[in-house]
Every structure is written in C-alpha cells, then in structure tokens.
Amino acid sequence: MHTDVLVIGGGLGGVAAALAALRTGRSVVMTEEYDWLGGQLTSQAVPPDEHTWVEQFGVTASYRSLRDGIRDYYRRYYPLTAESRAAAELNPGAGYVSKLCHEPRVAVAVLESMLAPYRASRRLQVLQPYKPVDATTDGDQVISVVVEHRDTGDRLTLTAPYILDATETGELLPLTGTEYVTGFESQATTGEPSAPQEAQPLNMQAVSYCFAVDHVDGNQVGDKPPNYAYWRNYQPAFWGDRMLSWNAPDPRTLAPSQRTFTPNPDDDPLAVVADQRRTGGDTNLWTFRRIAARRHFLPGAYESDICLVNWPMIDYLDGPVFDVPDAAKHLAGARELSQSVFYWLQTEAPRPDGGTGFSGLRLRGDLLGSQDGLAQAPYIRESRRIAAEYTVVEQDLSVAVRGAKGAAEYGDSVGVGMYRIDLHPSTGGDNYIDVASSPFRIPLGALIPQRVENLLPASKNLGTTHITNGCYRLHPVEWNIGEAAGLLAAFCLDRRVSPRAVRNSPALLSDFQALLVAQGVELSWPDVTGY
C-alpha cells in the first residue's frame with residue numbers, strides 16, 4: 001500500500017497527525033495495534049492531564065474540538081441533570097486531575113467521528129490491529145514499513161514519502177536504524193540540574209495498567225491473583241511503606257503522605273474545581289480520577305460513581321518494557337501488580353470505619369473495551385526519543401532555573417504546552433522528580449532527526465530528555481506534536497523540500513509557521529507564569 005503520509009500508531013499524536021495531513025488534502029494510511037484509537041486517552045484509559053488555562057488558551061484548535069466533542073456527546077446521549085447539561089465546562093467525572101474526566105469510550109466515539117469523513121472518501125485508511133515489525137531504508141531515507149496483524153499474523157508492506165512514528169514507545173526508531181536515546185541522560189551530556197552523573201539508559205518511568213471500578217451492593221470479590229503475596233509485601237526503599245497501602249510519597253515534597261479512599265461520596269460534582277496549579281488532587285483517590293460522577297446524571301442512571309485507578313501503587317518498577325530481552329515478563333508483571341492492587345482493595349484495604357476491604361468494588365472492563373477488566377494497553381509514560389537537531393533540556397523551562405523570564409522562546413516554535421515536569425518513580429530506583437515548569441514552546445528542531453530525512457516523531461518520541469519528557473508527554477502536548485508533524489509532512493510534500501530545510505530556511509520556516517497558525521496552532525503564550 002502506498003500513501004502520501006504514513007502514520008504508524010493511532011494514539012493521540014497519530015490521530016492528530018493524520019487529521020492535520022488530511023485537512024491539507026493529502027492521503028493517509030494510519031495503523032494501530034489496539035482495538036481503539038486514542039492511545040493514552042482511550043486504550044490506556046487515562047483521563048486528560050491538562051494545564052490550568054486549558055479552557056481559555058494553550059491548546060490547538062483541533063484539540064479543543066476534541067474536548068468540545070466529548071462534552072457535546074454527553075449532552076446529546078447521556079441522561080444529565082438540567083444543571084449539569086447547562087454547565088459550560090461540564091466535567092462528567094468531576095475528577096480533580098482534569099477539567100474533563102470522562103469515560104474512554106466517549107473519546108473513542110468522538111475521535112472516530114472526526115476521522116469519519118476521510119474514511120468515507122478513502123483518503124484515510126486505518127489498519128487495525130496492526131503493529132510495525134520491520135522496515136527498509138536506503139541511506140538516510142526510510143523506504144517502507146512492514147506491519148503485522150495482531151491476531152492473524154498477516155503482513156502488509158507500506159510505503160510513503162513521509163513516515164511518522166506515532167507509536168507509544170518509538171517502535172520505528174530501532175526498526176529504521178534512526179539514532180535514539182532511552183532512559184536518563186547524564187548531566188555531562190545535558191547539563192540538567194536533576195540529571196545523574198552517568199547515563200542510565202534503562203532507568204525509565206514506571207508503566208501502569210489502569211483499570212476502572214465502581215462500588216455496588218453484594219460481595220464482588222473474585223479469585224486471588226497468583227502472585228498476590230509478592231505484590232502485597234512489595235516495598236521500594238524510598239516508599240516508606242508497602243506499595244499496597246494508603247501511604248506513598250508526596251510527588252512534590254517526597255514527604256510521606258496518606259491518601260484516603262471513600263467510594264461514592266455524596267459530593268456536588270458541579271462544585272469540584274480541577275486545577276493542577278492549586279493541588280495535585282490525589283488526596284482522595286476515589287475522586288482523583290473519577291470518570292463518572294453519578295450526581296451529574298438523573299437518579300437511577302448510575303448505580304455508582306466510576307473511578308479510574310491510575311494511582312501511585314500501580315506504578316511498575318521492576319524493569320523496563322522495551323529494549324530489554326525480558327520486556328514481556330515486565331509487561332506481565334505490570335498486569336499482575338494492577339490485578340493485585342484490585343484484590344487488595346476488595347479484601348485488605350483499611351476502611352474509614354476500621355474494617356478492611358471494599359468487597360463491593362467491581363471491575364468495569366466493559367467501559368475500557370477489555371475482557372480482563374484492565375485497560376487494553378499499558379500506560380506508557382516514557383518512550384524511545386530521537387537524537388534530534390535540538391533537544392529540549394530542563395534548563396529551558398524549569399521555574400527554578402528560568403525564574404520570572406519564563407521558558408526559552410524558540411524561534412522555530414510549532415506549538416505550546418504546559419505541565420509540571422512530572423516524573424513517576426522509575427525502574428532505576430528513583431523517587432518522584434516533580435519540578436515546577438514554565439509554559440513552554442515545542443521547537444521544530446525537536447521533531448527533526450539528526451540524520452534520517454523522512455521519518456518524523458509524532459508522539460512522546462521527539463527530542464526531549466528523560467526529565468523534559470515529564471512535561472512533554474501529556475495529552476494536549478502529544479496532540480500538538482502529532483499535529484505539527486502531520487502538517488510538516490504535508491508542507492514538505494507541497495513545497496518539495498525536506499523538514500530540515502524548513503527549519504534552517506527563514507523563509508520556509510515563516511511560511512510553515514503561518515500554516516500552523518492558520519490551522520489553529522498557537523506558537524507562543526500570553527503573559528502567564530508557571531507552577
């Protein structure tokens with residue numbers, strides 16, 4: 001199969017890239033290995049992590065269309081109360097992590113509706129479930145990518161003048177021989193204040209298998225997971241308690257912190273203020289990432305709130321899940337950990353009334369498109385990252401380093417983002433690294449490999465470090481990265497120039513940035529300060 005723009009990976013970055021290229025009139029083939037498009041928002045089941053100004057500015061127009069579409073879907077199809085239906089900034093889950101906590105399946109429906117006209121016209125072909133397994137190159141050009149059907153093993157060879165890697169772990173980088181880095185770079189290489197003295201390529205952020213639960217009458221307890229004893233007693237040196245407890249380090253201070261868990265509080269969902277600038281929101285784990293607040297809906301519509309479990313205790317620390325020979329073992333271990341956490345919640349978790357276990361907790365895999373109750377895919381926080389023309393480093397955006405002057409103002413900006421530098425505990429034994437960040441730009445140089453000419457990153461695999469990945473990995477930033485990559489590929493096809501030439505020619509760069517702005521991509525921030 002041949003196309004103008006080949007997008008490997010149908011996560012948020014991949015969908016944004018495909019839509020961007022399609023809007024310019026180009027043809028696209030997009031592949032995805034899981035049953036749902038949308039990546040971290042859907043198959044990984046993570047509600048959007050967004051900045052405090054998301055309702056006003058700081059995201060692309062197409063990302064705003066996605067958010068508006070999710071709210072419109074609820075208003076059109078869900079039995080909301082009159083008050084909730086009228087809420088301009090409806091937060092269906094009334095979770096504290098995001099101003100738009102929602103059921104993953106709703107995002108799938110909206111993403112599919114955004115793609116539907118292009119599917120109908122045959123300018124977009126989606127190959128699903130397919131994953132990349134091989135590639136061919138000629139010098140500094142990628143010629144083709146071979147993808148394999150997850151269930152049948154059938155293979156297809158795909159070709160295009162521009163190939164975008166929107167996979168969750170940068171799968172095309174080793175397949176194409178594109179230079180890349182993993183894990184923690186050394187301070188000698190990056191100059192970053194928080195970096196170690198020596199590089200640690202296998203020291204990566206934890207992965208997590210998220211799951212959704214509600215709490216209903218009756219005993220819902222199932223079988224004990226086979227490796228439950230191991231995880232029940234698991235205690236990292238820096239944790240201060242067993243992981244399967246209500247105690248965990250506070251990400252920002254590292255001081256011991258006790259969480260609470262209160263299923264189905266009788267709270268007013270319209271009174272919830274989700275603002276990461278004010279608080280991390282994770283004190284009460286039930287409301288932290290709640291994706292359905294029953295009081296938003298007419299009486300009887302929901303038996304219970306629905307809570308999305310993406311908590312400290314499901315972070316898997318025993319090893320990386322790529323670029324190691326035992327990656328499959330570690331993925332299985334991450335699943336075991338989440339299954340064990342759920343069983344602990346049902347049977348041993350301390351309750352406020354002095355008892356133990358919430359036996360009414362029920363897995364809601366039906367909302368996640370899975371048979372075993374867990375998300376279809378692991379939540380990947382850190383990818384392989386291209387060795388780029390420009391690598392974003394901590395001192396480009398850290399509030400502690402930059403102070404009042406704000407983040408570096410890249411002249412080749414292709415978008416904006418904002419989130420704290422939020423690193424979860426890692427496979428190398430690190431505790432949280434949580435650093436205040438300034439609202440930042442996305443430099444075009446971070447999207448251009450040092451050598452390869454026609455492969456572009458379209459997800460978390462751009463030129464960041466282990467540290468700066470911590471703020472470039474979130475939903476709206478990934479979307480912006482993908483959108484910029486898709487528009488860059490289309491622009492290069494139209495002008496018959498290379499991505500490298502666009503960055504290094506003032507005239508071409510100006511024209512490309514004008515295209516981005518016309519497409520609704522913001523290139524700079526108003527006068528706001530970080531947190």
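In which hand, left or right, does H2 pass H4 in their crossing? The crossing is right-handed. Please keep in mind that this is a predicted model.

| Helices | Axes come within | Crossing angle |
|---|---|---|
| H1 (residues 12-23) and H12 (residues 475-495) | 7 Å | roughly 35° |
| H2 (residues 61-77) and H4 (residues 104-120) | 9 Å | roughly 125° |

Because of its crossing angle of roughly 125°, H2 is oblique to H4. On the H2 side, the contact is made by Ser-62, Ser-65, Leu-66, Gly-69, Ile-70, Tyr-73 and Tyr-74, while H4 brings Val-106, Ala-107, Ala-109, Val-110, Leu-111 and Met-114. Sorted by type, these residues give 10 nonpolar, 3 polar and no charged.

Turning to the other pair, H1 passes H12 in a right-handed crossing. Among the H1 residues in this contact are Leu-12, Gly-13, Val-15 and Arg-23, and H12 takes part with residues including His-475, Glu-478, Trp-479 and Glu-483. Here the contact residues divide into 10 nonpolar, 4 polar and 3 charged.

**A serine in a loop**

Now find Ser-245, in the loop between helix H7 (228-232) and strand E10 (247-249). Is Ser-245 buried or exposed? Ser-245 counts as buried, because its relative accessibility is 9%. Its side chain reaches the backbone nitrogen of Asn-247 at 3.1 Å. Leaving aside residues up to four places away in sequence, Ser-245 touches Met-313 and Trp-344.

Note on methods: Residues are numbered from 1 along each chain as its sequence is written. This is a predicted model: local features need pLDDT of at least 70, side-chain atom pairs count only at pLDDT 80 or more; totals for chains, interfaces and linings use all residues. Side-chain values use heavy atoms; hydrogens and water are left out. Axes are lines fitted to C-alpha atoms, for helices over the stretch in contact, and angles run from 0 to 180 degrees between N-to-C directions. Helices (H or I, at least four residues) and strands (E, at least two) are DSSP runs, numbered from the N terminus. A crossing is left-handed if the near helix is turned anticlockwise from the far one by less than a right angle, and right-handed if clockwise. Contact means heavy atoms within 4.5 Å. Ala, Val, Leu, Ile, Met, Phe, Trp, Tyr, Cys and Pro count as nonpolar, Asp, Glu, Lys and Arg as charged, and the others, Gly among them, as polar. Angles under 35 degrees count as roughly parallel, over 145 as roughly antiparallel, 65 to 115 as roughly perpendicular and the rest as oblique. Buried means under 20% relative accessible area, exposed over 50%, partly exposed in between (1.4 Å probe, protein chains only). A polar contact is a pair of N or O atoms within 3.5 Å; within protein, one must be able to donate a hydrogen and the other to accept it, and residues adjacent in sequence count only if both atoms are side-chain atoms.
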